[in-house]
Amino acid sequence: MPNMSMKKNPMPTQDPVVRSANFDEVALGYTPEMAIDEAKRCLNCKHKPCISGCPVKVHIPDFIARVAEGDFEGAYQIIALSSSLPAVCGRVCPQERQCESKCVRGVKGDSVAIGRLERFVADYHNANTTKWPDKIENNGHKVAVIGSGPAGLACASDLVKKGYDVTIFEALHLAGGVLVYGIPEFRLPKSIVQMEIEGLKALGVKIETNTVVGKTVSVDELMDDEGFEAVFIGTGAGLPKFMNIKGENLKGVYSANEFLTRINLMKAYRNDSETPIQRAKRVAVVGGGNVAMDAARCARRLGAEVYIVYRRGMDELPARKEEIEHAEEEGIVFKTLTNPIEILGYHNPDNKRDPLNGTVTAMKCVEMELGEPDASGRRKPVEKPNSEFTLDVDCVIMALGTSPNPLIKSTTPSLETQAWGGIVADERGQTSREGVFAGGDAVTGSATVILAMGAGKASASAIDEYIKSKNQ
Amino acid sequence: MYKILEKTPLNPTVTKMVICAPRVAKKAQAGQFIILRTDSEGERIPLTIADYDAEKGTVTIIFQIVGATTEKLNHMCEGDCLSDFVGPLGRATHTEGLKKVAVVGGGVGCAIAYPVAKKLHEMGAEVHVIAGFRNRELVILEDEFRRASSKLVLMTDDGSAGKKGLVTEALKELIESGEEYEQVITIGPLPMMKFVALLTKEYGIKTIASMNPIMIDGTGMCGGCRLSVGGKTVFACVDGPEFDAHQIDFDEAIERSSMYAPFERKAHEDACNLFKKEVE
């Protein structure tokens, strides 16, 4: 009998007051009983619209049916056919805009909690797997994967399973890309990412950290001198945007990338960390996406009073719904329809050597209202006349999105890119260069983990075909 | 892991290390930098490449002990391994076509000025080096500079070596005496570079300064190393580290460089205490 409850099983979470002072994971995960109860809400409908909402086409009703039967490992094996990183995607996918938005149960009531079930199944598998997978004998054909974020990991995972000799090149000292430097521990524990990476290594994937392709070695050298037959570029969109307003170079103004990297990759939130971070009292985070929520919630955990400053309204916030709810519960104040115009700093007129010189004291803002829809279809924010006001803050974090890093483009002749920096590639990742494929944020600009993963998988299959046809 | 092949103290606070890093050595050029971590819990710190040998696969770094990480680094020995060493980052110094150049270095900045002077000298340019230090004890690379230049003017604050005075005084004297430099390259503490730039601006001599701001990744990702150059924001890691000194907002750079000064002072003291304890 299906469970006809209109409501999803709620996700158990840490108490907001407690969690806003720690970096432990917020969502605690379903118990097996909750998972089975939730799985029984799935009607296993004929058209399976949820699958069409999934960028990698996970066989959702099939895995949920296994969960309902209590066969959690069986459920995992079904997800693993389509997804390389279920424990990650179950946590960070915007399900309300993907699979769950298509769920028939969502027409009257809540959709089935597909994301929470995916997470449950992946965590069950990780907790109950006692040995790493066996190493796969490789076929001697070398493929280089540049970048170890979601796109690169997914591409490497599929290629190594097809028998290729795969090496991932990572610029930072730790593999994982945005999963380790960007998304905070309380939303995606780093041990989960580490487990995925160790799993890939066990299969035979080699990882060379501290290698900046475009600086340490070029794409041409990888192919001509080091014998890689194909290259996948999954370097993401790592270049932070700033507003170009006055005062942006004051001490206490961070890009979200820098703020989050200090906290997540370099563990600056720990008292024993060797990497410093400003312990601000009042923080304004400019932007309304997931990265803005992450930065705001990190700042909150470091003890600050935090504002989200966003030029559109609450309904237009691009962040995942759950992140917005969690941020509100944690006491973050949303100043929507607000746009910064200048950051003000301290300068002691009597002492040029005052160490406080050049530090942020406030942010000048204007109020906005929504006008006609713009090219993106969203209503364009327009400045309200005479609405200027000042927000007292000692730290400002710019979370305005990122663009692709130009390092590879500038050192790879004839690799075509868009004017804004994205690499030109078709839906299977083929770029303007033979043997060179690309996918994820490096091609699309900043998007989601699951889309990057999907692009990595598509390129893996294209690379497989390319190398096979070349060696016929 | 990146092995320390040689370690030589140059003066009580400055140390030279030769590191085994074949991929970096193969690509390194004068003016570029690396980022290292001593161990898996360490901070990422940028250091400019002081020398490199592509055949031997080695990169030389010269660092001053100023914070916790450089203190830890200085306690490592030949045969020990650095956990991370990434590069070469940033753009190389533009040296093409230069015929007569003054290289002005200050303190440990001379370590970075040296490969630039050497490269220019090897290209056949006439190189004058002005190297400034606080006192005789802190002088580094004197012989190396002598070999890489046709004129070396050594300056110390107290006159204990070379002439007493500031590098700007020496530079002014050379210019006034009729030396015609196409370009001045200055590397050292921010206030020194600021005053070199102010001086050369008066004479209309093109001047390049090598910047070393706070950064994390060194690939353009964090934006922590941003500077104002000619009114525009640039990232030292990917757009530099060398910029037109007449366009750099040095006052802003000086302010930004002190962002974590209290943290760094405390971390350095803690590191020193820790090493003292080990000795006891």
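This is a predicted model: local features need pLDDT of at least 70, side-chain atom pairs count only at pLDDT 80 or more; totals for chains, interfaces and linings use all residues.
Local features were taken at pLDDT of at least 70 and side-chain atom pairs at pLDDT 80 or more, while totals for chains, interfaces and linings use all residues. Residues are numbered from 1 along each chain as its sequence is written, chains are lettered from A and ligands numbered from 1 in the order in which they are written, and side-chain values use heavy atoms, without hydrogens and water.

Over all chains, 10 aromatic pairs were found. Rings of Phe, Tyr and Trp (its six-membered ring) pair if their centres lie within 6.5 Å; planes under 30 degrees apart count as stacked, over 60 as edge-to-face and the rest as tilted. One of these pairs, Phe23(A) with Tyr269(A), is stacked, at 4.0 Å centre to centre and 15 degrees between the planes. The two residues are 246 residues apart: Phe23(A) lies in the loop between helix H1 (16-19) and helix H2 (32-39) of chain A, and Tyr269(A) in the loop between helix H13 (256-265) and strand S7 (282-286) of chain A. Helices (H or I, at least four residues) and strands (E, at least two) are DSSP runs, numbered from the N terminus. Phe23(A) has a relative accessibility of 8% and counts as buried; Tyr269(A), at 19%, is also buried. Buried means under 20% relative accessible area, exposed over 50%, and partly exposed in between (1.4 Å probe, protein chains only). Ring pairs join Phe23(A), Phe186(A) and Tyr269(A) in a cluster.

The charged end of Arg301(A) sits over the ring of Phe186(A), 3.8 Å from its centre. Lys142(A) places its charged end over the ring of Phe228(A), 4.4 Å from the ring centre. The criterion is NZ of Lys or CZ of Arg within 6 Å of the ring centre and within 35 degrees of the ring normal.

In chain B, strand S5 (residues 58-64) has six of its seven residues buried, so S5(B) is largely enclosed by the rest of the structure. Strand S2 (residues 14-20) of chain B pairs with S5(B) in the antiparallel sense over seven bridges, with Thr15(B) opposite Phe63(B). Strands pair if DSSP finds at least two bridges between them. Strand S4 (residues 45-53) of chain B is also antiparallel to S5(B), over four bridges, and Ile49(B) has Ile61(B) as its bridge partner. S4(B) and S5(B) form a hairpin with four residues between them, and Gly57(B) in the turn has a positive phi of about 75 degrees.

A further sheet of chain B is open and mixed, with seven strands in the order S11-S10-S9-S8-S12-S13-S16. Strand S11 (163-164) and strand S16 (242-244) of chain B stand at the edges with a single partner strand each, so one side of each lacks a neighbour in the sheet. S8(B) and strand S9 (residues 126-133) of chain B run parallel and are joined by seven bridges, in which Val104(B) is partnered by Ile130(B). H6(B) packs on this sheet, touching S8, S12 and S13 of chain B, and its direction makes about 165 degrees with that of S12(B). Contact means heavy atoms within 4.5 Å; axes are lines fitted to C-alpha atoms, for helices over the stretch in contact, and angles run from 0 to 180 degrees between N-to-C directions.
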